[in-house]
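Please look over the sequence and the 3D view before reading on.

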Amino acid sequence: SGINAEYGAELPGVKLVYEPVSNYNKEYLALLSTLDITIKCSNQELLENLTRKQSVLIGTEGISTALINSAYTRGFNNFAASKNSRTVEKIANILGDDFGLTQEFSKGEPAVKILQEATSGEAVNEICLGVVESLSEIRALKDMITNLRRQLPADISLSVQLGQEIFQSTSLIATKIIGIDNQGDQRKYDVDMSMFEEFVSYLDMGHSFTVYSQHETGNTSFSSVYGNTGDEDDLILEGRIGNLDVGDWILIGNVGQADCRELDMVLIDKDYRVVTRRRSPSQAFTNSLDQDTTLLIVSA
């Protein structure tokens, strides 16, 4: 809710758009919709996790005929394209005139160019003013938006696309260690990735935790993301985290771009590197995770 309150308040009446690049979790996508954020979708995998109740914009870079038809069948007929995109002609050949068009511009393009291009050629329903990565970049658009609104037809709306960095800090994953198995020089921690409600209930009952975000003696310390290839045996996190016990909680912060729910164990080798393995291939850890993502260990 902080994203909508903070960013939406800066640009009232301007639509907020976000394109998930790795987290296609249905609950997460539903949360975005409750924040009045339009979801930009450019692939079939994401499309299949969306519902008709959600506001969806179909990205068209490299779009296939199959995706156009699939999106239209699901009730999504708003497409985003840049000026003079051949894709618009491709969509028109398939759907006729039964689609809406959002014309995309790069951040920083002058208002005079936007006005010229948006009012010529294909009829435009909406203008996207580019990708913004911070609150300051959003505030920098205010004067141009005021200028555009004075000169654009009243039926053309404006939007901005929120960048990946903005969403990195929107999610926290809570998991609890449910089993430990020593395997040679490795210690395997089995974890349950569906424990968040239990964690909240535990706190509601009056229990408290101490969260350490810096090196400490004992069971807790700081760790950062290391790997990002998405393979089953990625080295995702590194750092000395000490010995954990069954019942200890692990909180993984700043993972708004990643769906980590298929993680089912943590392997720590003799150098205290944390190695992850998952139940099945997924989008769980991809290039969206970076060195700023932290692992916080919480001891009960």
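Lys40 stands opposite Leu57 in β3. The strand that pairs with β3 here is β2 (residues 37-41), and the two run parallel, joined by 3 bridges. Strands count as paired if DSSP finds at least two bridges between them. Helices (H or I, at least four residues) and strands (E, at least two) are DSSP runs, numbered from the N terminus. This is a predicted model, in which local features need pLDDT of at least 70 and side-chain atom pairs count only at pLDDT 80 or more, while totals for chains, interfaces and linings use all residues. Residues are numbered from 1 along each chain as its sequence is written, and side-chain values use heavy atoms, with hydrogens and water left out.

β3 is also joined to β4, in parallel, by 2 bridges. Gly59 stands opposite Ala80 in β4. Both faces of β3 are covered: Val56 and Ile58 on one side are buried, and so are Leu57 and Gly59 on the other. Buried means under 20% relative accessible area, exposed means over 50%, and partly exposed lies in between (1.4 Å probe, protein chains only).

## Helix α4

β3, α4 and β4 form a right-handed β-α-β unit. A crossover is right-handed if, with the strands pointing away from the viewer, the path from the first strand over the helix to the second runs clockwise.

Which residues of helix α4 (residues 65-73) are buried? They are Leu67, Ile68, Ser70 and Ala71. These buried residues pack against α3 (44-47), β3 (56-59), β4 and α5. After α4 comes Gly75, whose phi is positive, near 95 degrees.

β5 and β6 pair in the parallel sense over 3 bridges. Glu104 has Cys128 in β6 as its bridge partner. A right-handed β-α-β unit is made by β5, α6 and β6. On to the next pairing: β6 and strand β7 (residues 157-162) run parallel and are joined by 5 bridges. Glu126 has Ser157 in β7 as its bridge partner. Of the 7 residues of strand β6 (residues 126-132), 6 are buried, so the strand is largely enclosed by the rest of the structure.

Gln103 is found in strand β5. Is Gln103 buried or exposed? Gln103 counts as buried because its relative accessibility is 4%. Leaving aside neighbours within four places in sequence, Gln103 is in contact (heavy atoms within 4.5 Å) with Ala81, Lys83, Glu117, Ala118, Val124, Glu126, Ile127 and Cys128.

## The nonpolar cores

In soluble globular proteins, nonpolar side chains tend to be buried together. A nonpolar core is a set of buried Ala, Val, Leu, Ile, Met, Phe, Trp, Tyr and Cys residues joined through side-chain atoms within 4.5 Å. In this model the largest such core has 52 residues, and those with the most contacts inside it are Ile58, Ile127 and Leu148. Helix α6 (residues 111-118) gives the most to this core, with 4 residues.

Leaving aside neighbours within four places in sequence, Ile58 is in contact with Cys41, Leu47, Ile63, Ala71, Phe76, Asn78, Phe79 and Ala80. A second, separate core of 5 residues includes Tyr189, Val191, Leu244 and Ile250.

## Aromatic rings

How many aromatic pairs are there in the whole structure? A search finds 1. It is formed by Phe79 and Phe99 and is edge-to-face, at 6.2 Å centre to centre with 80 degrees between the planes. Rings of Phe, Tyr and Trp (its six-membered ring) pair if their centres lie within 6.5 Å; planes under 30 degrees apart count as stacked, over 60 as edge-to-face and the rest as tilted.

Phe79 lies in strand β4 (residues 78-81) and Phe99 in the loop between α5 (86-95) and β5 (100-104), so the pair ties together parts that are 20 residues apart in sequence. Phe79 is buried, with a relative accessible area of 0%. Phe99 is buried as well, at 16%.

## Cysteines and Trp249

A disulfide is a covalent bond between the sulfur atoms of two cysteines. With a disulfide taken as a pair of cysteine sulfur atoms within 2.5 Å, the count comes to 0. Cys41 counts as buried at 0% relative accessibility, and Cys128 is buried at 5%.

Trp249 is in strand β13 (residues 249-253). Trp249 is buried, with a relative accessible area of 2%. Thr175 is 74 residues from Trp249 in sequence, and the two are 5.7 Å apart in space, C-alpha to C-alpha.
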